[in-house]
Amino acid sequence: MKTNNSRRSFLKAGAALSLAPLIPSSMFASPNTAVIKNGTVFTAAHWGMLKATVKNGKVISSQPHQITSKIPNPLQYTMPDLVYKTRIKAPMVRKSYLQNPDSPKPELRGVDEWVEVKYEDAIKLVARELKKTREQKGSQSIFAGSYGWYSSGKFHNPRILLHRFMNLSGGFTGTLGDYSTGATQIIMPHVVGGIEVYEQQTSWPVVLESSKVVVMWGMNPISTLRIAWSSTDEQGFKYFEELKNSGKEIIIIDPVKSETAKYFGDKASWIAPVPNTDVAMMLGMAYHLYETKNYDKKFLEEYTIGFDKFLPYLLGQTDKTPKTPAWASQICGIDEKIIKELAIKFYKNRTMLMSGWGMQRAHHGEQPHWMLVTLASMLGQIGLPGGGFGLSYHYSNGGAPTCAGGVLGGINAASLGVIKDNKFIGLANSSAVSNSASQSWLQKTTDSAFPVARIADALLNPGKTIDHNGNKITYPDIDFIYWAGGNPLTQHQDTNTNIKAWRKPRTVVVNEIYWTPTAKMADIVFPVTSQYERNDLTMTGDYSNMNIAPMKQVVEKQNGAKDDYQVFSDLCKAYADGLVEVYTANGKTEMDWLEEFYNVAANAVNANVALGVSMPKFDEWWNKNEPTTFAPTMESSSWVRFGEFREDPILNALGTPSGLIEIYSDTIEAMKYDDCAAHPKWFEPVEWLGMKDKPAQFHMLSVHPTDRLHSQQNNTSLRENYAVAGREPITINPKDAKDIGVKTGDLVRVYNKRGEVLAGVVVSDEIRQGVVRLREGAWYDGFDSKVCKNGCANVLTMDIPTSKLANGNISHTALVNIELYKGKALGLNAFKAPKGAK
C-alpha cells in the first residue's frame, strides 16, 4: 500500500515535468526492413559475421558466415541464448528509490526489491532526477559510464549514444583510458610516440617470410582472437595456423600453458616465469647482451636516446645490484642459462617479439613494455622486416594487411548543449569530438574525466586529487550514474570495495539487456535490445577493414525492449523542448543513419576508380544482405612497423620529444614520481610470490576467458562446457593440489583479505607451481552472502593503480589462499532475476 501511494506521488510529479508525449515507437521503425519469419539472416557481432536461422519468427541457431581456419570459435553458435536467456522483461525501479528518490536508501542496492513501472513513467523519472541533480550539484556530478565492449555496430553504440545525450543536455563526467591497456597506452607515447596497443603491426606476410624466431610473450591469441572490437575478420587464426606450419622457432613465455601453447604443441617451446617478473627477465637478457657485446650499438646511437643513462642502472652502478642473468633467475624462476640462450638467440636471428597485455595489467605495469622496447632496441631489429616488437597481434587480428576500400562513418558524441527555461537554446564550446574511430572510448568527449580504473576510488573520495601523467586530477562529487552497454560490477577490480562505491551516489540508471550484476545494482533499469533485434552496420577487422557488413535484425524486439537510441531520444523529449530534434538530427531513423554511414564509405570507394571496385546504392546493398569485401594492397602486405622511421629517423621522426625511441624520458623524470622512474626498472610488486612475508599462498592470474568476451556470454549454454562443480573453474598445479588436499571436481573456497569466492578445481600440470588461474568475467553472485558463489575473480583483485603515471588497473597482482569448501553448497543466483522482477 505504501508503494502504491509513493508511485502515485511519483506519477503526479512526473506529469508536471513534461506534458509532451514521448516519441511514438513508429518513428524508430525502419520502413522496408521487415523482419523475416522463416529463413536465413546475415548479421555480425564481435565474434564474426554470422548466419542466423529463423523459424516461425524465432532464432533457432547461428553459425559462422565463413570458415577461414580449422581453429573453432564456439562464441558464434550462441545467438538463441543471447536473445532469450536472462532478459530484463520490463522497466524496473528499485522499491526504496520509487518510494523516495530524495532518500532512496542506496545501501540496499543489490538486495532491495524491484517494482515494475511503465516505460513512459521511467523516462519521466530519470529526466526529473537528472535535472534535479544538475541543478543541485552541477553537471560534473553526473557520471556517464558505458565502458568498452558494447554490442557491435556503428550506430547502436550505447556509449556514444549516452554521451551524445549527456553532452547535449548539459555535460557530464567521463573516464580516461581503459582496463585493457591502461598502463601501456600512457607509457608508450613517452617511449615511441604512439600508444602501440591499438595500432597496426608489421604485416603477417612479412613475419611469415622474414622472421626466424617468433616470441609470444604473455599472449593467448587462440583465445583472444575469437573476438574483435568491431567484428573479427578471422584472419588472425589463419595466420597463426600458417605460423604453426612454417618451421620457424616459436617460443611462448607464459606462467600458464595456454590454449595457444597447447595449439602449437611440440612446435613451440614453453617457458613459465613467475608472474609479474617479466621486467627482471628482460633485464637479465639485456645485461647479457651488453656484457657479451651482442647488441646493436649503431641502432642505439642513431634511433634511440637515453641508453647511456639507463646503462648505469643495468650494470648496477646506481643501486649496487647488477641485473645479471643470475640476479634475474632468482626473481623470475627461469634458469640463468635459458635467459642467456634466449638473449643470444634473439640477437643472432631475425626475431619478432609479440607481446600481450596481461603483463602490464599489474603493479608498475608501465615497465614491461618499456623494457620490451629497450630490449628490442638492443637487438637492433626494430623497423626491419620480421623483426622488432608488436603489441597487438593477439587483438582484433593485428598484422592482417589493411585493405583498400571504404570505411564507414559513425555517429558522434556531439557538443555541449545549453538548456535554459526547460528549452534547448544552442551549443556551447566543447572539446567533444567524433567517435567514429575504432577505439572510440579513448577519445575525449568531456572536459571532466578521471582514469577508468579509478572509478571506485573516485566515487568513494570526492575532492581527492591524484597525479596522472604529469597532471593533477580532482575527483568530482558523483551523485548520479548512468551506465549503458557494460558490466562494471564484474569488470572492475576489488568487487567488495566497488559495491561500497556504487552504493554511495543517490541515483544509478542502467540500460541493459540482461539481469547482470550491474543491472541488479541500479535504481532504474531500462530493458534494451540485443544486437540481434535491431539493424546496424560494422566493419570487420579493426586493422584490415576487410568487410563492410550489414547487421540485419534477426528477430522482433523481445519483451518490449527499446533500442538505446529510442531511450535517449525519449529522455531528450522529456528533458527539454527542442533537445530531441538536435539529438536525432531532426528525426533521423535508424535506417537514415545507416544509409548516411554507408554513403561515407561508398562515396570514397566510387570516387577511387583505381580500387577496381564499386559499391551500389544503399537500398540495393542492404536488400542483397551480403558483406562488401575489399582486398589488401601490395604495400599493406609488405608493410613494416617503424620501417619508415628506420629508413629516415629525421624525416619520419617519432612523436616523442626527441623524435627517437626514448629509453630514458626527461619528461617522466620531471614528474618526479616515486613509482615510475625515467627509464625501465624492476619494481617489486605489492603482492607476488617472491615476497618475504606473503599475505597469501598462490598467485592468481585472472586471464581473459576462452568461452566468453569478458562477462558477455557467461549466461549462455557455453558455461556448461567449462563450469566445474557448477562454478567458474580454477586451475591448480598437481603438487599444489596435493599440498592443500584437493582434486579435480572439488568445490573450493578461494580467498584473501579482499574477499572470497567459490570455484571448481581443475588439476593440471599446464600451470606453474604456485600459480592458479581463475578467468575474469564470471558474473558476480554475492549480494545475498559474503562469498561470490559464481567465482568472480575481481572479488580477489586489488584496487590500487599501476603508478602515478598511468593509473591503470593491476588485476594480475593478487595472491590468494585456497581450501576445500566444507559448507553447504550454496545455490547460484547469478543468472536469476532479482526479487520483484519478472
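Reader: How do you know whether the chain agrees with a compact globule?

Author: Set its radius of gyration against the globule rule. The radius is taken over C-alpha atoms, and the rule is 2.2 Å times the number of residues to the power 0.38. For 838 residues, a compact globule would have a radius near 28 Å; the chain has 27 Å, so the two agree. This is a predicted model: local features need pLDDT of at least 70, side-chain atom pairs count only at pLDDT 80 or more, and totals for chains, interfaces and linings use all residues. Residues are numbered from 1 along each chain as its sequence is written, and side-chain values use heavy atoms, with hydrogens and water left out.

Reader: Why is V206 called buried?

Author: Buried means under 20% relative accessible area (exposed is over 50%, partly exposed in between; 1.4 Å probe, protein chains only). V206 has a relative accessible area of 8%, so it is buried. Across the chain, buried residues make up 65% of the 838 residues.

Reader: What does V206 touch?

Author: Contact means heavy atoms within 4.5 Å. Leaving out residues up to four places away in sequence, V206 touches S211, P385, G386, S637, S638, W639 and V640. V206 and S638 are 432 residues apart along the chain, yet their C-alpha atoms are separated by 5.8 Å. V206 itself lies in helix 7 (residues 204-210).

Reader: What makes helix 14 largely enclosed?

Author: Count its buried residues. They number 6 of the 8 in helix 14 (residues 325-332), so the rest of the structure largely encloses it. The six are P325, W327, A328, S329, I331 and C332. Their cover includes helix 11 (278-291) and helix 15 (336-348). Just after helix 14, G333 takes a positive phi of about 80°.

Reader: How many helices and strands does the chain have?

Author: The secondary structure comes to 29 helices and 33 strands. Helices (H or I, at least four residues) and strands (E, at least two) are DSSP runs, numbered from the N terminus.

Reader: What makes strand 23 and strand 24 a pair?

Author: Two strands pair if DSSP finds at least two bridges between them. Strand 23 and strand 24 (residues 547-551) have 5 bridges, in the antiparallel sense. D536 stands opposite M551 in strand 24.

Reader: Which sheet are these strands in?

Author: An open sheet of 3 strands, in the order 23-24-25, with antiparallel pairing.

Reader: Which strands are called edge strands?

Author: Strand 23 (536-540) and strand 25 (628-629), as each pairs on one side only.
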